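Student: I am new to this structure and would like to learn how to read it. Could we go through it together, one feature at a time?

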Amino acid sequence: MSTNNWSPMILTLVTFVPLAGGLLLLLFPRRDRDIRVFSLVVSLLAFVLSLHLPVHLQRARAGFQYELDRQWIASPNIHYHMGVDGVSMWLVVLTTFLTPLCVLISWKSVRERVKEFFILLLILETALIGVFVSLDLFLFYFFWEATLIPMALLIGMYGHGRRVYAAVKFFLYTMIASVFMLAAILWLYTKTGTFDFVAIQTAIRTGQVEGFLGAAPWLFLGFFVAFAVKVPLFPLHTWLPDAHVEAPTAGSVLLAGVLLKMGTYGMLRFSLGLFPEQSRANASWIMVLALIGIIYGALVAMVQPNMKKLIAYSSISHLGFVVLGIFSFTQAGLDGATFVMLAHGVSTGALFMLAGILYERRHTYEIADFGGLATPMPAYASFFLFIVLASVGLPLLNGFVGEFLVLSGAFRSRAVYGILGATGVIWSACYLLWMYQRVFFGKVTHDINQALPDLDRRERIALWPTAVAALVMGVAPLLWLNAIDPSVHVALAPFAQLASRAVGR
Amino acid sequence: MNVTIQIVRTVPESVEYLRILPEIVLAVFGMIIMLLDPLMDERRSQKTLGSVALVGSLAAIAATLYQSQYPGVGFWNMVHVDTFSVFFHFLITTVTAVVILTSYEYMEVQQIRAGEYYGLILFGAMGMCLMSSAVELVLIFIALEISSISTYILVGFRRRAAISSEASVKYFLLGSFATAFFLYGVALMFGATGSTSITVIGDTFRSGAIPMLAYAGLALMFVGLGFKVAAAPFHIWTPDVYEGAPAPVVGFMSTAPKAAVFAVLLRIMFEADAPGRLWLIWITAAISMTLGNLGALVQDNVKRLLAYSSIAHAGYLLVAFAALPSNGIPAAMFYAASYAAMNVGAFAVVSHFAGAGERYVTLEDYAGMGRRSPLLAATLTIFLLSLIGIPITGGFFAKFYVFTAALQANLVGLVMIGVLNSAVGAYYYLRIIVMMYMHESRAEVPVSPVPIGLGTALVVSAAATIYLGTLPGRVLEYASRSASQLLR
């Protein structure tokens, strides 16, 4: 097949096209329009290239595909090892899907230091994709840390009021947490002599790692802390609302849409993949924290006077579902968790874009400053409603499928988890619809809102893809799930053995 | 047998002069500068003398490369040219060239008219080079003195500023004290083993007979050398001296002499297989990292901040000494190289921003530099990210190798202290970046264009930092080869 020649290179291409674009931008003269157009072209190119992945993926086959494994540094033994399975592939596509929309939504809102903005955005895209495609623990950590700087700079340079505080808080929280992961990775390397994910996994499963049993609980925690801060899991979530409220719109979209998924992806791939027994042993308190996150996030979201903060807390709640699904160790739970990651990326990304559009017009996120917006901005109101419904989990839209699967998985794990989790769905309907009612219904309460212009063409172009994706994902989830399912099956294989061993005793 | 050879052969062979060729080159160029200086018009001599010094340092680099083809011992087993010494020669001479490039503009802006400045830099570099190839404790002592006395004077070069003279005196007094410790240690070591040759001492230790006196000698030598690399608890002088000294000199003295002293330490600790080093190093490394980072957290003066950071980095580097030699030596060498690249670069930017009389060296003065001087700010950001230890910079791999080496020796506790420290360290470097990019600029801080000399210096250090961060393989391989030669 002709695709075979392509296959090993495609991940490298997808990963580094944005970076190459960013470096080319360095040479551009400061003509803002050209810079914007060029960034849009580059990010679209990355998106088109990434579509190669789902199109040519052999869905029945489990394991990693499009693999490329070259030695990067001989000593220590670091490889440039890339590859995707059904889970990480969709996260790559999610990233490339959201970035062009970020470019579009920042078209007018970023007026100063435009060049730097788009360079940072493209570097961030490369780093994010790199996290999802790395199969070498070192490479993974490399990209993981590399996401920090462009994101922190985006928040700190282009954010609102307390942007510096938010940027530093974001940086320190995630940086400090990830050094524990680095320590764990280094420990694994010194015992196995490799950073290769698959090789380490095999070594652990066959019991070839000396001193593993004693160290495993600590290693698990080292990885888990780094992931939990990124997700963020209650009570490590306090950086998120600050970061979101102060971040520019594009920053928020990528932060909520992709960056948080690095944490849940890490749990799925590394916590479960390398430490199944420890995951099993720690599952109960992790699931409790996830449930607290779901309910607490929702309740706090409900009382937020600030629209962006409300969406931020709703992210904490939704990501709680993902963690709940992952640590249910059921096929449905993990399928659902992965699907929620994607669905949340699309719909919350869209919500942040919508909030950003309003901010551009009124320079405020306060819900109380709006009211009756449906009259001056009908198209905006319908887009908003559609996305809110998708986010709430209306059947036939994308939010429903994932949450349903997660909850059914949680039920099977322990019924009370399912029941408590299910209340989260109700809460999310409450806070989102209540917010919608306050912003859009009734009479226009502030005169200044009378004359607000409706969506222009560029904004429509940015929003349509998210609405279409939300609908297609809701109507035909199998398109996604039939790639996710085999990979999840592989991830769960050791748990079936664990369970049968437990029964055997 | 050695004794007979010494008696028979009183004149060194000609190839032995090649083994001190870089030192000869540096000394000759230093003397040329001293001779030219009084003959020239004081107001116009700076550029010329600087250029002579630059040529001298480049010639020393060339001499090092040439010398690398003639490995072996020379001068009655006092110097040993091996890949190890070539590595440090190259490092020191390159740093010297970069510092000279940085100094052009600095000397002009500060209106320091003294040709001997460049001469002293070359003499100092000569001492440092000699330290890295000497395998004889007395010669090491002499080399250490050559390098130290040059730096004592260089520190006091901002003659109009009281703080600079204070720094010079402080550094001189404490430094002499520390050197005395080192000398006393050498004496005790001679008493314990009957030799001052590192090779012979190593043979004595390996044969199993380790007299108690050797421990005392080693500890005293470590105190003297620990002072020179600003390792805690011998670090007290560092912040004051770094604050007072001219910025390019700080860039010089925080990298080149440190690298040379670390080379000496590597030879003493590993080539001589010094006994009982583990806990000595463990404690020093742990408190250096911790005190350095905690001290840096509260600094508002960028030079003081980087001074504390250099204490912390000495601590990270010492972690490698606690590891097994086969991993520890290459890790330490790599760290020395990448620290030199990033720190010399950082101080080059600091000395440019400082302005006349070094008036603008507080954090607030850096506000808005990202907007007003985007290229310089971006370069400084690269160096700071490398100091934090962020991927694609040399600082990342440096920390990485050091911690891996320590883990391979099962030093989990020390690695945890180091890893936590590097997280704490991120905060204060980040403060500078935040200031540059996220705060409004202050109009009264002047921004001047970057002259070509400084530009070259920055390009070299930034390129080295990125190179070590993306393709560390070759340098590390070279360092590993040196390590295996050293251990043989």
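Student: To begin with chain A as a whole, what percentage of its 505 residues count as buried?

Tutor: Please keep in mind that this is a predicted model. A residue is called buried when 20 or more other C-beta atoms lie within 10 Å of its own, and by that count 59% of the 505 residues of chain A are buried.

Student: What radius of gyration does chain A have, and what would a compact globule with 505 residues have?

Tutor: The idea is to compare the chain with a globule of its length: a compact one with 505 residues would have a radius of gyration near 23 Å, and chain A, with 22 Å, agrees with that. Along the principal axes, the C-alpha atoms of chain A fill a box of roughly 70 × 55 × 45 Å. Among its contacts between residues at least 6 apart in sequence, 81% join residues at least 24 apart.

Student: How many helices and strands does chain A have?

Tutor: Chain A has 19 helices and 2 strands. The strands, β1(A) at residues 65–73 and β2(A), pair in the antiparallel sense over 6 bridges, and a hairpin of 4 residues joins them. In this pairing A:Gln71 stands opposite A:His79 of β2(A). Strand β2(A), residues 78–84, is largely enclosed by the rest of the structure, because 6 of its 7 residues are buried.

Student: Turning to a helix of chain B, which residues of α22(B) are buried?

Tutor: Helix α22(B) runs over residues 473–487, and its 15 residues reach 21 Å from the first C-alpha to the last, close to the 21 Å expected. Its buried residues are B:Val475, B:Leu476, B:Ala479, B:Ser480, B:Ser482 and B:Ala483. Because they cover an arc of only 160° around the axis, they lie on the same side of α22(B). What covers them includes α5, α16, α19 and α21 of chain B.

Student: Finally, how many residues of chain A are in contact with chain B, and which elements of chain A take part?

Tutor: There are 26 residues of chain A in contact with 25 residues of chain B. On the side of chain A that touches chain B, the elements that give two or more residues are α5(A), α6(A) and α7(A), and the largest share, 15 residues, comes from α7(A). Sorted by class, this side of chain A has 21 nonpolar, 3 polar and 2 charged residues.

How values were computed: Residues numbered from 1 in each chain as written. Chains lettered and ligands numbered in written order. Predicted model: local features only at pLDDT ≥ 70, side-chain atom pairs only at ≥ 80, totals over all residues. Expected span 1.5 Å × (residues − 1). Buried ≥ 20, exposed ≤ 12 C-beta atoms within 10 Å, placed from the backbone. Arc of directions from axis to C-beta. Contact = placed C-beta atoms within 7 Å. Nonpolar A, V, L, I, M, F, W, Y, C, P; charged D, E, K, R; others polar. Pairing = 2+ DSSP bridges. Rg over C-alpha atoms; globule rule 2.2 N^0.38 Å.
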